[in-house]
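Here is a short tour of one protein model, written for someone who likes to check geometry by eye. Please have your viewer open as you read.

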Amino acid sequence: MRSAVLYWKSRVSSSMQNMLTLISNVFRLGNASKNVGAQTVSEGARMVASTRSFADFTPQASFDVKKCELHRLEEGPSETAVLTREQGLQYYRTMQTMRRMELKADQLYKQKIIRGFCHLYDGQEACAMGIEAGINPTDHLITAYRAHGYTFTRGVSVREILAELTGRRGGVAKGKGGSMHMYAKHFYGGNGIVGAQVPLGAGVALACQYQGNNQVCVALYGDGAANQGQIFESFNMAALWKLPCIFICENNKFGMGTSVERSSASTDYFKRGDYIPGIKVDGMDVLCVREAIKFAADYCRAGKGPIVMELETYRYHGHSMSDPGVSYRSREEIQEVRSKSDPITMLKERMLSNNMASVEEIKEIDVEIRKVIEDAAQFAISDPEPPLDELCNHIFANNPPMEVRGTNPWVKLKSVS
């Protein structure tokens with residue numbers, strides 16, 4: 001028996017030797033106290049899990065996604081989505097970070113550390129992640145006031161987002177923008193006026209066409225803004241000039257506290273463009289969103305003009321932090337969506353059931369994300385507020401210092417670019 005053990009030890013790697021030693025110790029100490037034995041077994045199990053090689057996982061899998069409803073299109077997005085293991089882990093990490101970030105914002109708001117307007121995005125993560133996965137980093141995006149998730153997917157760190165929410169100097173807009181006004185390269189906010197970002201998005205698409213850079217602009221709005229006149233004016237101009245613009249209605253079922261059935265004579269938002277082709281997409285499935293966005297972006301880049309998309313989704317919080325969100329819908333309704341259609345759970349179950357990740361790996365990612373969020377929250381609380389002499393800075397991007405009138409003619413402030 002001893003010679004057999006020595007033979008096998010000579011054949012295995014040093015890491016496997018450590019594992020075998022640890023497991024043999026577990027059996028040798030089997031008569032020790034039950035608590036110590038249980039702890040050692042747990043350590044052994046963790047080591048076995050950590051030594052699992054990447055070769056054990058499925059590197060790529062195909063998934064069927066819900067068929068999109070089409071308007072003025074003969075064919076639509078693919079009904080099969082290919083997902084690599086790396087993409088799946090990236091999507092999971094990004095969506096889970098968005099979720100945890102918004103839950104931390106909720107906590108800070110209730111502690112009165114974040115004040116003013118604050119519209120949270122939890123529940124809708126598949127929309128932001130799917131859109132980002134379907135376009136290029138050099139493409140453009142503009143959205144409404146529920147902007148934290150898009151700010152993150154466009155490359156801004158959690159620290160900068162939470163610090164902006166708390167009005168600190170280290171925020172993405174130096175603490176002067178708050179929840180609704182965050183920006184990044186190729187990301188134009190965060191806009192507080194209902195529907196006003198849509199014509200701006202059409203203008204960005206016009207710039208793309210004028211410069212001939214083969215880029216597209218994604219202009220997002222909610223179902224509550226879908227009846228705004230300026231949206232239809234934007235549709236008209238974009239169709240006339242064949243602008244490379246993807247108009248997206250994030251239909252989360254309620255405009256503030258009013259259901260879509262009570263606010264809109266037609267709830268087929270993807271058909272609202274009339275003469276513009278449209279697609280209705282399952283906005284709770286990140287892969288379905290990704291495939292639809294890829295299709296729409298290819299359509300626009302081909303010079304065919306704009307396209308209208310409706311993402312059916314759901315927000316778990318109320319309209320804003322001042323809205324408890326349960327006076328116009330029941331807690332049971334919210335819980336049912338969480339249990340049956342949660343975008344993060346759906347992706348996680350796909351990966352686990354297809355051996356693309358392990359439970360331990362997912363748990364490790366969750367722990368890492370919690371640490372990132374906690375560190376960012378501490379920074380957002382401890383970072384200083386911007387000083388008063390910086391109040392008027394950055395009015396212009398590249399201008400000599402200039403005087404700015406204060407609240408009365410005797411108060412003079414200075415703006416530095």
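Contact here means heavy atoms within 4.5 Å. With that cut-off, V198, P199, A202, L206 and Q209 of helix α8 meet Q230, I231, S234 and W241 of helix α9. Sorted by type, the residues of this contact are six nonpolar, three polar and no charged. Do keep in mind that the model is predicted.

Helix α8 covers residues 197–211 and helix α9 covers residues 229–241; their axes lie 8 Å apart, at an angle of about 15 degrees. Angles under 35 degrees count as roughly parallel, so α8 is roughly parallel to α9. The crossing of α8 past α9 is left-handed.

## The sheet

Next, have a look at the open sheet, whose six strands follow the order β2-β9-β10-β6-β5-β4 with mixed pairing. Its edge strands, β2 (69–71) and β4 (140–142), each pair on one side only. From one strand to the next, the twist averages 20 degrees.

Strand β9 (residues 278–282) runs parallel to β10, and five bridges join the two. I279 has M309 in β10 as its bridge partner. Helix α11 (residues 286–301) lies across β6 (245–251), β9 and β10, and runs at about 175 degrees to β10.

The loop between β10 (307–312) and α12 (331–341) holds H319. Is H319 buried or exposed? Its relative accessible area is 9%, so H319 is buried; the cut-off for that is under 20%. Leaving aside residues up to four places away in sequence, H319 touches H119, Y145, R146, M256 and Y328.

Notes: Residues are numbered from 1 along each chain as its sequence is written. This is a predicted model: local features need pLDDT of at least 70, side-chain atom pairs count only at pLDDT 80 or more; totals for chains, interfaces and linings use all residues. Side-chain values use heavy atoms; hydrogens and water are left out. Helices (H or I, at least four residues) and strands (E, at least two) are DSSP runs, numbered from the N terminus. Buried means under 20% relative accessible area, exposed over 50%, partly exposed in between (1.4 Å probe, protein chains only). Two strands pair if DSSP finds at least two bridges between them. Axes are lines fitted to C-alpha atoms, for helices over the stretch in contact, and angles run from 0 to 180 degrees between N-to-C directions. Angles under 35 degrees count as roughly parallel, over 145 as roughly antiparallel, 65 to 115 as roughly perpendicular and the rest as oblique. A crossing is left-handed if the near helix is turned anticlockwise from the far one by less than a right angle, and right-handed if clockwise. Ala, Val, Leu, Ile, Met, Phe, Trp, Tyr, Cys and Pro count as nonpolar, Asp, Glu, Lys and Arg as charged, and the others, Gly among them, as polar.
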